[in-house]
Amino acid sequence: MEKSFAVNGKATSTLRNYLRCLAHLAIYYKCSPEALDEEQINDYPYHCQNLHKTPSESFFKHTIYGL
């Protein structure tokens with residue numbers, strides 16, 4: 001993922017934000033995101049919306065793009 005960001009000229013801060021959101025996903029499911037099935041991944045944004053009531057647009061964007 002880091003190489004892809006470097007080649008495409010994306011900011012390091014964007015990569016950190018994506019990775020942070022993936023870390024939240026891993027903590028929620030207590031496993032690596034790679035071990036999740038499609039349904040679990042699709043359910044996660046719904047969980048975030050209910051958890052935060054009014055999640056920021058940037059939080060949601062980073063979560064979705066990170067996935």
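Me: Where does Ile64 lie?

Reply: Ile64 lies in helix H4, residues 57–66. Helices here are DSSP runs of H or I with at least four residues, strands are runs of E with at least two, and both are numbered from the N terminus. This is a predicted model, where local features need pLDDT of at least 70 and side-chain atom pairs count only at pLDDT 80 or more, while totals for chains, interfaces and linings use all residues. Residues are numbered from 1 along each chain as its sequence is written, and side-chain values use heavy atoms, with hydrogens and water left out.

Me: Ok, and is Ile64 buried, exposed or partly exposed?

Reply: Ile64 is partly exposed, at a relative accessible area of 42%. Buried means under 20% relative accessible area, exposed means over 50%, and partly exposed is in between (1.4 Å probe, protein chains only).

Me: Which nonpolar surface patch is Ile64 part of?

Reply: Ile64 forms one with Tyr65 and Leu67, and together they have about 300 Å² of accessible area. Areas come from the Shrake-Rupley method with a 1.4 Å probe, and for residues only the protein chains shown count as cover. Patch members have over 30% relative accessible area and no salt bridge; nonpolar side chains (Val, Leu, Ile, Met, Phe, Trp, Tyr) are joined within 5 Å, like charges within 9 Å. A salt bridge is a side-chain nitrogen of Lys or Arg within 4 Å of a carboxyl oxygen of Asp or Glu.

Me: Which residues of H4 are buried?

Reply: Phe59, His62, Thr63 and Gly66. They sit on the same side of H4, because they cover an arc of only 100° around the axis. That arc is taken from the directions from the helix axis to the C-beta atoms. Glu57 and Tyr65, on the other side of H4, are exposed.

Me: Why would residues a few places apart point the same way?

Reply: An α-helix has 3.6 residues a turn, so residues three or four places apart point the same way.

Me: What does Thr63 touch?

Reply: Cys21 and Tyr44, leaving out residues up to four places away in sequence. A contact means heavy atoms within 4.5 Å. Thr63 is buried, with a relative accessible area of 4%.

Me: And what about Phe60, how far is it from Cys48?

Reply: C-alpha to C-alpha, Phe60 and Cys48 are 8.2 Å apart in space, and they are 12 residues apart in sequence. Phe60 is also in H4, and it is partly exposed at 26% relative accessible area.

Me: Switching topic. Which residues make up the largest nonpolar core?

Reply: Six of them: Leu22, Leu25, Leu36, Tyr44, Cys48 and Phe59. Helix H2 (12–29) and helix H3 (38–52) each supply at least two residues of this core. A nonpolar core is a set of buried Ala, Val, Leu, Ile, Met, Phe, Trp, Tyr and Cys residues joined through side-chain atoms within 4.5 Å.

Me: What does Leu25 touch?

Reply: Pro33, Leu36, Tyr44 and Leu67, again not counting residues up to four places away in sequence.

Me: Zooming out, how many helices and strands are there?

Reply: Four helices and zero strands. The C-alpha trace spans about 35 × 30 × 15 Å along its principal axes, and buried residues make up 22% of the 67 residues.

Me: What's up with phi at Lys30?

Reply: Phi of Lys30 is near 60°, a positive value in a residue other than glycine. Most residues other than glycine have a negative phi. Lys30 is in the loop between H2 and H3, and counts as exposed at 76% relative accessibility.
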